[in-house]
Amino acid sequence: MDLSVIVMQLFTGLSLGMLYVLLALGLSIIFGLLTVVNFAHGAMYMWGAFIGVFTVTWTGSFWLALIMAPLGVGMYGLIVERWLIRPLYGRDINYPLLLTFGLQLIMIEVTRIFFGTSDHPFNAPDILSMPLEVMGIFYFPAYRVFLIIFTGVICAVLWYFLERTNLGLVIRAGTRDPLMVRALGIDMNRIWWLVFGIGSALAGLAGILAAPIRSVYPEMGVAMLVECFVVTVIGGMGSLPGAIVAGILLGLVSSLTTLIYPQMADIVIFLVMAVVLLVRPSGLFGKAGLLE
Amino acid sequence: MQTQQAEVGAGAPGGAWDRVVDLVSRYPVTVITIFFIIFPFVVPYKALATQIIIWGLFALGYNVCLGYTGMLSFGHAAYFGVGAYTLGIVLIRLWENLWFGLACATFMGAFTALILGFMCIKRKGIYFALLTLAFAQLLYFLAFQWVDLTGGDNGLRHIPAVPLPLPGFTVDIQDPLRFYFLVLFFVVLALMLLQRVLQSPFGRVLEAVRENDPRARSCGYETTNVRWMAFIISGAISGLAGGLYALYLHFVGIETLYWVTSGQILMITLLGGMGSFIGPFIGAGVFLFLEDVLSAITDNWMIFLGTIFILCVLFFPEGIWGSVMKLVNRSAGKKG
């Protein structure tokens with residue numbers, strides 16, 4: 001096996017890892033602040049891809065789709081939080097999980113009604129479809145390079161937002177002690193609402209970014225959702241650095257396994273999870289005893 | 001909890017509903033048995049009746065986890081699926097004996113729960129749900145890849161239609177009604193055993209763990225082991241249900257192990273009502289009946305089931321049976 005194949009595969013793994021990172025970040029901020037495990041996250045990812053398909057079919061612009069997908073899914077997230085999840089606060093922590101599970105079934109069926117059950121071809125814009133040559137040996141598909149850089153930028157923006165702005169400060173304080181934040185006169189409901197919207201928007205963004213490199217069909221989020229749960233469990237529930245590290249790690253592990261021993265490709269991430277949990281029960285960056 | 005409700009029901013001056021609820025709460029096993037003996041003669045076709053009691057049995061096993069111990073598992077497809085595959089593989093490769101096959105299915109369900117429980121049981125709440133889900137997915141992908149043993153994507157086909165060996169003679173169970181009563185036999189057996197377990201001191205500890213784990217621990221109970229034990233019992237019943245399901249279909253599909261199955265059993269249990277014997281069967285009945293009716297009308301029946309489920313979570317978190325109990329108790333309280 002020569003070097004360029006391995007480098008290429010690592011590169012593919014990195015771009016897959018970036019999708020994991022986006023999804024897991026969304027899951028993690030929602031979980032960290034609202035203590036809601038969003039089972040509809042996979043379906044929101046799928047809707048992001050379908051909004052992309054829809055926008056490109058009507059306008060032909062990938063860049064517009066790149067804005068519409070997170071915007072559309074983010075707005076949808078705001079509606080879901082306001083009308084479906086908010087009534088469940090204060091009840092058993094499992095109820096939002098059950099509700100979003102039911103919601104994802106409905107979302108998948110609705111997509112089937114409007115778009116059918118088959119695959120939808122989705123091409124990257126022309127400017128991103130040629131390979132980039134590096135040192136004359138490596139040819140990286142430009143779209144994947146774009147995906148990696150773009151996700152990196154999103155992570156940086158998110159980091160800046162959470163660590164350097166006033167609103168981010170309130171959000172971080174809300175993760176620690178919502179009651180105290182409320183006592184200081186801040187409307188936590190609005191913060192939760194906003195954070196659920198941001199998390200959903202990230203899922204939608206991951207969906208449109210995934211559309212050109214993975215197939216677009218109504219069940220595309222189902223397997224992805226479980227993989228992202230694995231990412232958040234490995235990284236530590238609710239931990240943002242954990243989500244980033246674990247997402248990239250799993251992307252790399254999964255694509256290297258595809259190269260060496262393809263039969264194990266689907267299984268290996270669960271094995272990694274089992275090993276991590278045996279060594280560090282609360283995940284790589286998790287705090288022990290969180291939300292048990 | 002149960003005795004208290006029974007007393008309230010008995011104290012109420014009447015009403016047919018009150019009496020029914022009272023009867024079911026006091027003698028759940030007898031009432032369920034009698035009901036399901038009559039059941040196949042009143043439903044339009046026996047296949048639906050058989051499916052309802054198999055899924056009811058599965059939900060009963062699941063309920064040991066969720067309803068009685070308060071552990072939300074999202075991976076019960078694993079034990080159901082392992083039971084189904086075990087029965088199929090045993091009948092095809094080892095020994096064409098029905099008792100042996102079902103015993104193996106039950107054992108393997110319990111054994112899988114033992115192993116996976118070891119990995120998950122120390123975590124609680126949402127972590128536990130995600131871990132059980134992830135490990136169940138691991139089993140799914142293993143079965144998917146291990147084509148020689150499981151048939152992979154095509155499923156395990158040609159499970160032989162074996163007769164039921166009884167001392168002295170054998171009974172052919174190809175007839176739907178006979179098969180129904182075979183399943184019912186195991187359901188009643190499981191119900192009786194479970195009632196015995198839940199009424200034992202161990203059963204009381206289970207409830208204590210559900211209500212307040214730290215307190216149960218400070219009373220000197222090894223709560224982790226208690227939960228693990230409940231998990232294994234739950235796995236055994238799920239494995240038995242899986243074995244019966246394989247026997248019923250003569251086939252095991254790969255989707256039996258998929259996490260959608262785990263979601264389905266959760267929906268059934270929640271729909272019926274947690275923490276009672278009758279709830280899971282009501283849930284299975286309503287769910288499968290709706291699926292049967294709706295899928296005849298539209299391909300997209302999942303929309304309706306999903307909506308019903310969401311409404312249930314929002315407005316009737318106690319499920320159908322829990323809501324009936326609440327209603328009866330309220331009216332009894334008014335009269336009293």
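1. At what angle do the axes of helix 3 and helix 9 of chain B cross? In this predicted model, the crossing angle is roughly 175°. The two axes come within 10 Å. Helix 3 of chain B covers residues 28-38, and helix 9 covers residues 176-199. Angles over 145 degrees count as roughly antiparallel, so helix 3 of chain B is roughly antiparallel to helix 9 of chain B.

2. Next, the residues of that helix pair. Helix 3 of chain B brings B:Val29, B:Ile32, B:Thr33 and B:Phe36 to the contact. Helix 9 of chain B brings B:Leu184, B:Val188, B:Leu191, B:Met192 and B:Gln195. By class, the contact of helix 3 with helix 9 of chain B has 7 nonpolar residues, 2 polar and no charged.

3. Chain B as a whole. Its secondary structure comes to 16 helices and 2 strands. The C-alpha trace of chain B spans about 65 × 50 × 50 Å along its principal axes. A compact globule of 336 residues would have a radius of gyration near 20 Å, and the 20 Å of chain B agrees. Buried residues make up 50% of chain B. Take the contacts in chain B between residues at least 6 apart in sequence: 75% of them join residues at least 24 apart.

4. Chain A as a whole. Here there are 11 helices and 2 strands. From the N terminus, the order is α-α-α-α-β-β-α-α-α-α-α-α-α. The radius of gyration of chain A is 19 Å, close to the 19 Å that the globule rule gives for 292 residues, so chain A is as compact as a globular protein of that length. Its C-alpha trace spans about 60 × 50 × 35 Å along the principal axes. Of the 292 residues of chain A, 50% count as buried. Among contacts in chain A with a separation of 6 or more, residues 24 or more positions apart account for 75%.

5. Where the chains meet. The contact takes 32 residues from chain B and 32 residues from chain A. On the side of chain B that touches chain A, helix 7 (125-145), helix 13 (259-272) and helix 15 (301-315) each supply at least two residues. Helix 7 of chain B gives the most, with 14 residues. This side of chain B divides into 22 nonpolar, 7 polar and 3 charged residues.

6. The core. The largest nonpolar core holds 202 residues. Which of its members touch the most others? They are A:Leu23, A:Val230 and B:Ala134. Neighbours within four places in sequence aside, A:Val230 is in contact with A:Leu250, A:Ile269, A:Phe270, A:Met273 and B:Ala134.

Note on methods: Residues numbered from 1 in each chain as written. Chains lettered and ligands numbered in written order. Predicted model: local features only at pLDDT ≥ 70, side-chain atom pairs only at ≥ 80, totals over all residues. Core = buried A, V, L, I, M, F, W, Y, C linked by C-beta atoms within 7 Å. Buried ≥ 20, exposed ≤ 12 C-beta atoms within 10 Å, placed from the backbone. Contact = placed C-beta atoms within 7 Å. Helix = DSSP H or I, 4+ residues; strand = E, 2+ residues; numbered from the N terminus. Rg over C-alpha atoms; globule rule 2.2 N^0.38 Å. Nonpolar A, V, L, I, M, F, W, Y, C, P; charged D, E, K, R; others polar. Axes fitted to C-alpha atoms, helices over the stretch in contact; angles between N-to-C directions. Parallel < 35°, antiparallel > 145°, perpendicular 65-115°, else oblique.
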